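Reader: I have the sequence and the model open. Can you walk me through it?

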Amino acid sequence: MTAVTATAGGIDRARVARWLQEYGVYVAVAALLLFNVFFTANFLTLGNFRTQLVQAAPVCIVALGMALVIGTEGVDLSVGAVMALAASLIPLYLGAGPVPAIAIALVVGLAAGTFNGFLVAHVGIQPIVATLALLVGGRGLALVIANGQLVQLHDKTFLELGTGDLAGIPISVWIAGLLSVVMALLVGRTTFGRRLVAIGGNRTASALAGLPVKAVLVGVYAICGLLAAVAGVLATARLSASDPADIGMLMELSAITAVVVGGTALTGGRVRILGTVFGVILMQLVRATLIKHNLPDSTAQMVQAAIIVVAVYVARERSTR
Amino acid sequence: MTAVITDPPDTAAATRRELMTGVLQRQGAAIALVIVVAVAWFSFPRFGSLDNLRDLALQSSFLAVIALGMTFVIITGGIDLSVGSLYALGGVLAAYGSQYGFLVALALPLAVCGLIGFVNGVLVARTKMAPFIVTLASLLFARGLLLAITDEGSNTYRVPADSAFIELGRGTIGGFGYPVFIALVLCVIGAVVLRRTRFGQSVFATGGAEQSALLMGLPVARTKITVYTMSGVLSGLAGALTAAYLQSGVTVIGVGTELDAISVVVIGGTLLTGGAGTVLGTVIGVGLRNVIQNIINQIGTLDSNYQSVVSGAFLLLVVVLQRSLARTKPGR
């Protein structure tokens, strides 16, 4: 009798753990929303939701790319620096109109990502070091390009990207949502997505099975660079100034946190796009909740640290199966 | 033995090439340092001045202490992102503690930072969580703690002007500051521990082949906990020395220092995959980074942003070289 109960308890615990890994982030977001509805003044207002979503949009876009990279058992530390590079180029080409300026920023992001991918796939450098070089050098380069200056932007069309609405929803939120859907389809419904996950799961086996491992890896880092540049452009438009010194600072950490909290393991072989989006929302909600309850920045950072540890501790069980 | 005798001559040439490759790979950073120093010495009259060298040595000593701990962590196949935050936290705690006397000023940062490092180690070793994530969390935690004890960063603790603690950072022997000698002594001890002790051997074994190390009965978990604790203590010490030198606990230092430490360790030839590395290489890496920085400052017309561009490019150059040299070795 006792043995049976014990076994049942054991199964339950395993089931709870698995369930938490799968749905923990959604439950956490729901719980935090409920808490705020009851205990936070002025939470259920349109203005508040707008602010939260607009703040989360750039992180979300970067985290999408990061999720792909982490799915291949890599990591991209250079995303913040790529945002700064994109931001530094905008004022140089804005004279020719917003479209060429944005295009150049995106092309540079794509090039930076491709460069990272080349180092990882073809030269065989570990992702941390390969992207660390660009993290160290990229922001410096952005500051050199911008002469270390913050540049105010006045192009109305460009600034519309940061402040404008489409059907009542901010444009940057539309873009983040659209890119999330595209990435979910890319991972779930295309050969590229399947290959990406396979390579993250077992690179040697994928190579032996004849998958174009190097091409896929370069592609993944290129997408991550491109998405970082998109985030850089949007953040610049919202700030209505190009600020390479500050933009995207520590973005790599926020993005990695969101991906990990969303249930994607750092060991690769799995990409959870919806989980990542909810990871971003969760971290944004946590920050908003702490701020609205007048808890200082110090507490906010320590709470974030605790959330990361708990999320990874829960996700860790998967590797033992 | 017989294999050597029956080797055809072209294999001997290949062996020599392999030897050269090995030398380049191991001593690449040292060779680069010699070249850079020589160029700087002849191009900039001020570079060789005793004042500049003293300054250079002092600036290098803080990073060297942090990078020493990082070297051990990386050799076990791990990584410690929390060192920058712990460095800042150590400085603030030392300045705070200095009002209670010399011992508290030194013991408080070492104890707190060591404890955080210990927790890093336990989480990495016992729960099998990725070092990258564990130490990322403690990076945030330590910054948060720093902000909490400094009134959200608005309160800078000053070391009392009559405190003996200041001597630790500002005292000199032959013009060179105490931190330089402390860093040197620690690095020598570190090198000996790594090369000549059982603990050092299990550090290498843990990073080289963790499963084999486990099967051989080596204390893998204890080794990991020890290296992360060491890294925490050393970062706290570097912070304390900095606080003693600056005579206050500056709250904004140490952002990105973890990346500096990782770069100099990698430039010094320690492999991020673990299992190989030297303390001497790390010291050379620190020297190389700071000499290049010094040169950029000497040029004067270049703005300081070029410094990070050069550092990034240099890091890239070193890892690409390491990688391509490793490839020319047969059997890889």
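Reader: Which residues of H11(A) are buried?
Author: This is a predicted model, so keep that in mind. The buried ones in H11(A) are Met251(A), Glu252(A), Ser254(A), Ala255(A), Ile256(A), Thr257(A), Ala258(A), Val259(A), Val260(A) and Val261(A).

Reader: How many of its residues is that, and where does the helix run?
Author: Helix H11 of chain A covers residues 251-261. Of its 11 residues, 10 are buried, and the helix is mostly covered.

Reader: What comes just after H11(A)?
Author: Gly263(A) does, with a positive phi of about 100°.

Reader: What is Ala63(A) in contact with, sequence neighbours aside?
Author: Beyond four places in sequence, Ala63(A) contacts Ala255(A), Ala258(A), Val259(A), Thr276(A), Gly279(A) and Val280(A). Among these, Ala255(A), Ala258(A) and Val259(A) are buried residues of H11(A).

Reader: Switching to single residues. Is Met183(A) buried or exposed?
Author: Met183(A) has 23 other C-beta atoms within 10 Å, so it is buried. Met183(A) belongs to helix H7 of chain A, residues 171-189.

Reader: What does it touch?
Author: Leaving out neighbours within four places in sequence, Met183(A) is in contact with Leu64(A) and Ile273(A). As for distance, the C-alpha atoms of Met183(A) and Gly193(A) are separated by 9.0 Å, and the two are 10 residues apart along the chain.

Reader: And Gly201(A), where is that?
Author: In helix H8 of chain A, which spans residues 191-201.

Reader: What are its contacts?
Author: Gly268(A) and Gly269(A), again leaving aside neighbours within four places in sequence. Arg15(A) is 186 residues from Gly201(A) along the chain, and their C-alpha atoms are separated by 23 Å.

Reader: What does UniProt list as transmembrane in chain A?
Author: An unreviewed UniProt entry lists the feature "transmembrane region" at residues 23-46, 52-70, 128-146, 166-187, 208-235, 247-266, 273-292 and 298-315 of chain A.

Reader: What does the model show over 23-46?
Author: Residues 23-46 of chain A are 75% helix and 0% strand. The end C-alpha atoms of that span are 27 Å apart. Residues 128-146 of chain A are 95% helix and 0% strand, with end C-alpha atoms 27 Å apart.

Reader: Where does the record put them in chain B?
Author: For chain B, the unreviewed UniProt entry places "transmembrane region" at residues 27-44, 56-79, 99-123, 130-149, 176-194, 225-246, 261-288 and 309-326. In the model, residues 56-79 of chain B are 83% helix and 0% strand, with end C-alpha atoms 27 Å apart. Residues 176-194 of chain B are 89% helix and 11% strand, and the end C-alpha atoms lie 27 Å apart.

Reader: Staying with chain B, how many helices and strands?
Author: Chain B has 14 helices and two strands. Of its 332 residues, 49% are buried.

Reader: What about the radius of gyration?
Author: It is 21 Å for chain B. A compact globule with 332 residues would be near 20 Å, so the value agrees. The C-alpha atoms fill a box of roughly 75 × 55 × 35 Å along the principal axes.

Reader: Which residues of H9(B) are buried?
Author: Helix H9 of chain B, residues 198-208, has Ser202(B), Val203(B), Thr206(B) and Gly207(B) buried. They cover an arc of only 130° around the axis, so they sit on the same side of H9(B).

Reader: What do they pack against?
Author: Against helix H3 (50-75), helix H8 (178-196), helix H10 (210-215) and helix H11 (220-246) of chain B.

Reader: Last topic, the contact between the chains. How many residues from each?
Author: Chain B gives 37 residues and chain A gives 36 residues. On the side of chain B that touches chain A, the elements giving two or more residues are helix H6 (131-149), helix H12 (257-267) and helix H14 (305-328).

Technical notes: Residues numbered from 1 in each chain as written. Chains lettered and ligands numbered in written order. Predicted model: local features only at pLDDT ≥ 70, side-chain atom pairs only at ≥ 80, totals over all residues. Buried ≥ 20, exposed ≤ 12 C-beta atoms within 10 Å, placed from the backbone. Helix = DSSP H or I, 4+ residues; strand = E, 2+ residues; numbered from the N terminus. Contact = placed C-beta atoms within 7 Å. UniProt positions renumbered as here; feature names shortened; annotations may be inferred. Rg over C-alpha atoms; globule rule 2.2 N^0.38 Å. Arc of directions from axis to C-beta.
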